[in-house]
Each structure stands twice: as C-alpha cells, then as structure tokens.
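Please follow this explanation with the sequence and the three-dimensional view side by side.

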Amino acid sequence: MTDTEYMNRALELAARGEGAVEPNPMVGAVVVREGRIVGEGWHQKYGGPHAEVFALDQAGPLAVGATLYVTLEPCCHFGKTPPCTEKIIQSGVRRVVAAMLDPFPSVSGKGVSRLRETGIVVEVGVGEIASCSLNAPYLKRLRENRPWIIAKWAMTLDGKMATRSNESKWITNEQARQQAHRVRGNMDAILIGAGTLRSDDPALTARLPDSQSPPRVATRVVVTSQPTQLPSSCQLFRTAEPIPTWVVYPESPSSSSWVPPPFVRAVPVPATSSGWVDLSALLDEMGKMRWTNVLVEGGAGLLGSFFDAKLVDEVHVYLAPKIFGGNLAPSPIGGHGIEKISEALMLDSPHVIPLGDNLLLKGRIQR
C-alpha cells in the first residue's frame, strides 16, 4: 500500500468522531510497520485521548521504527490531554506522515518542529485536500469564529414543503426521517423560525432507533421578530429545562421588556434596517459558544434570509416522490432570491444518497 492509501484509512477512522469531538477536529491515525498496519485509532470524544494515543497503544512495541499516518498535525501543548508529540517520541516511531498542519494557534507548525528536532522524519501534505474537506467546519470556526451552517429541508418533486393548507407531516419516508435525526444528533444547534414553531410545534430533538444516544444534544434556537407572540405552551418551552433553548430576536424598545419562559435564554441581537434579526451578529454570538455545526431547518423565510445573506455552507435536501401542486403550497426557500441565473448558488460535487424511495442530496456551496 502507498502513503495515500494508508492516509485514506486514517481519514475513514477520523470520520467516526463526527458529532462527538467538536469543537475539536476529527482526527484518525494509523501505525504501519514493514507494510502491515499494527495500530489504528481516532479521536472518539471531546476531552478524551487523541487518535495518535489509541493507535500507538494498540501498536505497542511494534511502533518502534514504524511510520505513523495522522490526518492532522500532532498537538504539542497541554490541553484536555497531554501533548501527542511526546507520546510519539517515546513510542520509537521513525517517520510521521501528517495530512495537514493544524491552524490552531497553540500547534500551527510547532508539533512538526518538535518531532523533527528529535530526529523523526516528518512529511506533511499527503491527503491534505481530503483532510481539509473533512474538517471544514473546524477550520471555518478557527478562521472566522463562526459555525458551519447547514441548510436542510424536505420537499416534493414539484418543490413544495407543505400542502396549500400547510400540512407537512410527513413528506418524507421513515428512512429519510431517521437520517435527518442522525444529522441532528451531530449538531451544536438547530434553528427554526417563529412560523415553523407555530405551525409544527416541533421538539427539535434527535430521536435515534433502539434507544441510541446521539453524540450531541443540540441547542434549539427560535428566530423571531416578535418574541411576545410566541406560543407559551409549545414543546420547546415545556422541555427547556433539560434541553437548552434560545429565543433570538432583534434588539428594540418593544422587545426589551419581554420575559422569556423558565429556562429559556433570551438572545437579543442587533437588527437590520428592515427590523429583522442580523444573522451575521447571530453567528458571531454562536461563535462565542464555540459551536462548530449548526442546522437551519426553516421555514422558508428563515432559510431565505440565510441564503440571501450568503451564510449557508452546506445543503441537505430530502426529496420525496410526491407532487402537491398549488400556487398556495409553500416552497422551501423564501427571501429576495436572485434576478439572474448567473447569480445562482451552486453546489460543489453534490452526491445523492438513496433512502428507500426518497433521496438525500447533499453538497457544499461553491465559494
């Protein structure tokens, strides 16, 4: 096997940590000696051992003289765990192949320098593009101090997200809904608008089969221009003690006196010139929470506002083989939209996942 093939295996392992390791990056590691994999590992949960530790512990004495493949530059500082560079040095590894440098300020080339000064051969760049893609949300958070935004909706073949009477349960099949719940379980937050709160009264929880626990419990966020008009008996407010819940609204004299229900966090943010929530300011607020991944579930007004502001990074569209028709049946994306086809947002290398007779189309917005 080649360096690229071993790194691909490390990347496969790294992806297993999705949802459990954030705000840390997903990292995988493979130890190879004389053409044979003798140790594997991945970062399994935030605050837990890093990928290199699992791989080197599994390799044991066989790590002496071996090559360590790791998808991100090993850390060299004390954080939640000791520095991985010292573990690597003590293991007797002869060569380290890292997919990319870690832009985190406490590492950022220092890990590679520490290994090289002890005589370990270090190569950087094998699998770099794939590693950057895997950890795009982590890299965005470090670069912009904002979370990765995923826009998600379900629709029919004719592009409707509800009937003309606003009935929307259920457009998709059970497989598609289970997939959507798995995505929710990897999120730091899930956003909806006030219209969705009133019409659907959602719980916005990740309900997995066989009583599985999701990697994360997302904060539920309602974005509204009029917090005083939200229904006090909704599921989100009734379950706000065990599950974090925010109500986000524009700062104004009329909203300043609003008292949130018990355990609900009121989050006033600057208003736009039209009196709506400044979504950029909201993302800055989320950055303060060190959130990495945020799911925007709608409705059409909220999704449209995110697209108009060009704040969406990724799209998940669940497509059902149904046709609703009707001029009054709502479409998924509202807002101002575009005037010219040349202004359309495009997905970069989208892929389609069959879910029974439904489809999930996923892709990242081209920049």
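Two strands are said to pair if DSSP finds at least two bridges between them, and the elements themselves are DSSP runs numbered from the N terminus, with helices (H or I) of at least four residues and strands (E) of at least two. This is a predicted model, in which local features need pLDDT of at least 70 and side-chain atom pairs count only at pLDDT 80 or more, while totals for chains, interfaces and linings use all residues. Residues are numbered from 1 along each chain as its sequence is written, and side-chain values use heavy atoms, with hydrogens and water left out.

Strand E13 and strand E14 (residues 358–365) pair in the antiparallel sense over 7 bridges, and Ile 353 stands opposite Leu 360 in E14. Their pairing belongs to an open sheet of 9 strands with mixed pairing, in the order E10-E9-E8-E7-E11-E6-E12-E14-E13. Strand E10 (264–269) and strand E13 (347–355) each have a single partner strand and stand at the edges, so one side of each is left without a neighbour in the sheet. From one strand to the next, the twist averages 20 degrees.

Helix H6 (residues 136–144) lies across strand E6 (148–155), strand E11 (293–296) and E14, and runs at about 130 degrees to E6. Helix H11 (residues 300–308) packs on the sheet as well, touching E6, strand E7 (189–193), strand E8 (219–223), E11, strand E12 (314–319) and E14, and its direction makes about 135 degrees with that of E6.

Within strand E6 one finds Ile 149, which is buried at a relative accessible area of 0%; buried means under 20% relative accessible area, exposed over 50% and partly exposed in between, with a 1.4 Å probe and protein chains only. Leaving aside residues up to four places away in sequence, the contacts of Ile 149 include Lys 140, Val 294, Phe 306 and Asp 313.

Two of these contacts, Lys 140 and Asp 313, also meet each other through their side chains in a salt bridge (2.6 Å, N to O), a term that requires a side-chain nitrogen of Lys or Arg within 4 Å of a carboxyl oxygen of Asp or Glu. Lys 140 lies in helix H6 and Asp 313 in the loop between H11 and E12, so the pair ties together parts that are 173 residues apart in sequence. Lys 140 counts as buried at 4% relative accessibility, and Asp 313 counts as buried at 9%.

The structure holds 19 salt bridges. One of them joins Glu 285 to Arg 265, with the closest N and O atoms 3.7 Å apart; Glu 285 lies in helix H10 (residues 279–288) and Arg 265 in strand E10, so this pair ties together parts that are 20 residues apart in sequence. Arg 265 counts as partly exposed, at 35% relative accessibility.

Asp 102, in the loop between strand E4 (95–98) and helix H4 (110–116), is buried yet has no salt bridge, and the nearest side chain of opposite charge, Arg 141, is 8.4 Å away. For such charges, Lys and Arg count as positive and Asp and Glu as negative, while His and the chain ends are not counted.

Notes
Axes are lines fitted to C-alpha atoms, for helices over the stretch in contact, and angles run from 0 to 180 degrees between N-to-C directions. Contact means heavy atoms within 4.5 Å.
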